[in-house]
Amino acid sequence: MNYFGELFFSGLTRGSIYALLALGYTMVYGILQLINFAHGEIYMIGAFTALIVASVLTVKGFSSIAILVLAAVVAVVYSAAYGYTVEKIAYKPLRQAPRLSPLISAIGMSIFLQNYIMLAQTSDFLPYPNLLPPIPLFNRFSNIIGPSELSIVLTSAILMILLTLFIKFTKTGKAMRATAQDKEMAMLVGVNVNRVISTTFIIGSALAAIGGILIASHTGRINFYIGFSAGIKAFTAAVLGGIGSIPGAMLGGLVLGLAESFATGYISSDYEDVFAFALLVLILIFKPSGLLGRANNQKV
Amino acid sequence: MKITAELKKSFYIALWFILLTFPIMVIRVNTIEQIVIWRWVNLLYVGIGSFVLSFLWQLFLKKKSRSVQTIGTKPSPLRRLLYEPKFNRPALVVIAIFTIIFPFIFSHYQVNIMTTALIYVMLGLGLNIEVGLAGLLDLGYVAFYAVGAYSYALLNYHFGLGFWTLLPVGAILAAFFGILIGLPVLRLRGDYLAIVTLGFAEIIRLILENWNTFSFGPSGISNIPRPGLFGIKLNSEQSAIYMYYLLVIFCLLAIFVVHRLKNSRIGRAWNALREDELACQAAGIDKTRTKLTAFALGATWAGMAGVLFAAKTTFINPASFTFLESAMILSIVVLGGMGSIIGVVIAALAIILLPEYLRVFSDYRMILFGAVLITMMIFRPQGIIADMRKKYESHKTSGSKIKGIDQNG
């Protein structure tokens, strides 16, 4: 039972990170029908920025809570700025282009950002300080779930609730939903579509940055390549839940995280990613538009 | 007046990039010894670089939007060189002679690089069937390449079978995998297809990496024999030349087959499928069969390229079959111009050869590759040479004949 609980919570931790990242994919996809391949790199840049800020502040002798807050804020701002810039450079000129062009451009951007970090920083793994605050736990739970796992799950849950509320109740959220439904129609009724797209990228990138800080603190190391596999997993989660659907991304992330955790715990840890992709294929065979995706009818 | 406005804009963009790249470019931390290095000079480079680039960027974007208005007046010189017999026949002869004498005028090293480039030509042509002709976005094409390479290496290791026996086996196995991947994804469209194919490729790579008893794991398989030539013993230099000619022959075969396929009944069915799935079905095309043939035929070439690759390098491991490879092959197809055979050949040669000869910039190779992909998509999304679909022109005579029948009847 203890082992089960342990796996459950490690799956939940993983799943919430996947969900945070998947939200960025799904929001962009919902609006632009574009797989933003560079999203994983934004997450990596967020983690790197936080690491840099935290190290500088540590040398300068700040307190740990100030380090956490400042590092997180700077990382979020910078990731959002990177997301915004990436959209302006690589995707905006391609709005009217055939579907494959922005995808290739996105792959190019992903390669570019990876190598940018590798050249400007390092290609080695860097140790990552645990920035998360220690949360006091009841003794009976401490062997099942660690403090950093708990803060990951809590932070992601809060962020997801905030995002849902934002999309549901604010004017910008409404504009985002309208744009996702029909870009031209939204333009006709006076939605500034360009601004909505930028906002989407900014929100997605900010979430990715937080995900990056959380997971890097949890695993304790980082290099320029972490964005790639995390990005693919998160995209898998988004597709699993039905791409374009925000609750779908959250559900997809959690399902993927839990499935991976149980599969590695009970079957074999070598094939972690194999399970993830096999699950994806299985779900798509039986439900081609994902768990919560709408099957939109194709028109000629 | 206008120039100053643009310069001002470039200036602001440069400022933005200075701010944006500040922590990553300037600060470098050593987390173990708690040392922070400040590299302020990098800011200067970023500022100047982004100023110049953004100015050029705006210039070209404007030029592009202007050229859209005047499109289609005159064929470009490149297109004339390629399609007008007056120019393309002599060019073809020159290329043919160059291809034949290439191994004798260049060094062993150059021949090896060229052989690698030719493998990518084959891969590009194969993926062109799936992506360019049938419009099936496959992000896991490298899986078939891996299947080909490993089927040669493993069957040779276990059963001692030779290259020529295993070449068709590798091709057939890859085609089989193509159908295997094709079957479950038949119902999926566009991006779902992309991610599932990517997933399949990752599954295959991970199995090769982890199933040690089957595939020898990450250390790979070495001592794969080179292809034989009627039992003649070749030294390593001769066999490199032999490999080169083999690949030239296979590339010609691939070009011929893809060209024939393109204008065949199945090729036109693929085009119809790419343009509109529903309309294509309404026109009576069997969607299942058409998609599966695209997967199988595309995979066949990757399988053969895999066998040739294993035979050329004599060593393979799973690290050669990562997603980056798939991305590289896909960019060959897209940069070349989707569906265009000549474009794919040129793009494959450019993408593989240029980085080899730009070794000076070896650190900056991949970052340049990324930048080239983005700029190509923005400024020339149709690729180096856009595909021209074969047109069936209606002739005056046949038109008048029909009229005549009309009048009579």
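User: Hi! Before I look at any details, what are the ipTM and pTM of this model?

Analyst: Good place to begin. The model is predicted, and its scores are ipTM 0.86 and pTM 0.86.

User: And what is the mean pLDDT of chain A?

Analyst: Chain A has a mean pLDDT of 86, with 94% of its residues at 70 or more. Within chain A, confidence is highest in α3(A), at 92, and lowest in helix α5 (residues 139-142), at a mean of 60.

User: What does chain B average?

Analyst: Chain B averages a pLDDT of 82, and 88% of the residues score at least 70.

User: Thanks. Now, which domains is chain B divided into?

Analyst: Chain B has domain 1, covering 2-69, and domain 2, covering 113-379. Taken over C-alpha atoms, the centres of domain 1 and domain 2 of chain B are 37 Å apart.

User: Let's turn to where the chains touch. How many residues of chain A are in contact with chain B?

Analyst: In general, the size of an interface is often given as the accessible area lost when the parts come together. Here we can count residues instead: 55 residues of chain A are in contact with 47 residues of chain B. Several elements of chain A each supply at least two residues to that side, including α2 (39-60), α3 (64-91), α10 (226-241) and α12 (272-286). The largest share comes from α4(A), with 14 residues. By class, the side of chain A that touches chain B has 41 nonpolar, 11 polar and three charged residues.

User: I also see helices lying against each other. How are two packed helices described?

Analyst: Two packed helices are described by the angle between their axes and the distance between the axes. The crossing of α1(A) with α6(A) is left-handed. Residues of α1(A) in this contact include A:F9, A:L12 and A:L20, while those of α6(A) include A:I152, A:V153 and A:L163. The contact of α1(A) with α6(A) has 12 nonpolar residues, four polar and one charged.

User: At what angle do α1(A) and helix α9 of chain A pack?

Analyst: α1(A) and helix α9 (residues 193-219) pack at about 165°, and their axes are 8 Å apart. α1(A) and α9(A) are therefore roughly antiparallel. Their crossing is left-handed. In this contact there are 17 nonpolar, five polar and no charged residues.

User: Can we finish with a pair in chain B? At what angle do helix α6 and helix α7 of chain B pack?

Analyst: Helix α6 (residues 142-159) and helix α7 (residues 163-182) of chain B pack at about 140°, with axes 8 Å apart. That angle makes α6(B) oblique to α7(B). The crossing of α6(B) and α7(B) is right-handed. To find the contact, look for B:F144, B:V147 and B:L155 among the residues of α6(B), and B:L166, B:V169 and B:F177 among those of α7(B). The contact of α6(B) with α7(B) has 11 nonpolar, five polar and no charged residues.

Terms used
Residues numbered from 1 in each chain as written. Chains lettered and ligands numbered in written order. Predicted model: local features only at pLDDT ≥ 70, side-chain atom pairs only at ≥ 80, totals over all residues. Contact = placed C-beta atoms within 7 Å. Helix = DSSP H or I, 4+ residues; strand = E, 2+ residues; numbered from the N terminus. Nonpolar A, V, L, I, M, F, W, Y, C, P; charged D, E, K, R; others polar. pLDDT = per-residue confidence, 0-100. Domains from an automatic or database assignment. Left-handed = near helix turned anticlockwise from the far one by under 90°. Axes fitted to C-alpha atoms, helices over the stretch in contact; angles between N-to-C directions. Parallel < 35°, antiparallel > 145°, perpendicular 65-115°, else oblique.
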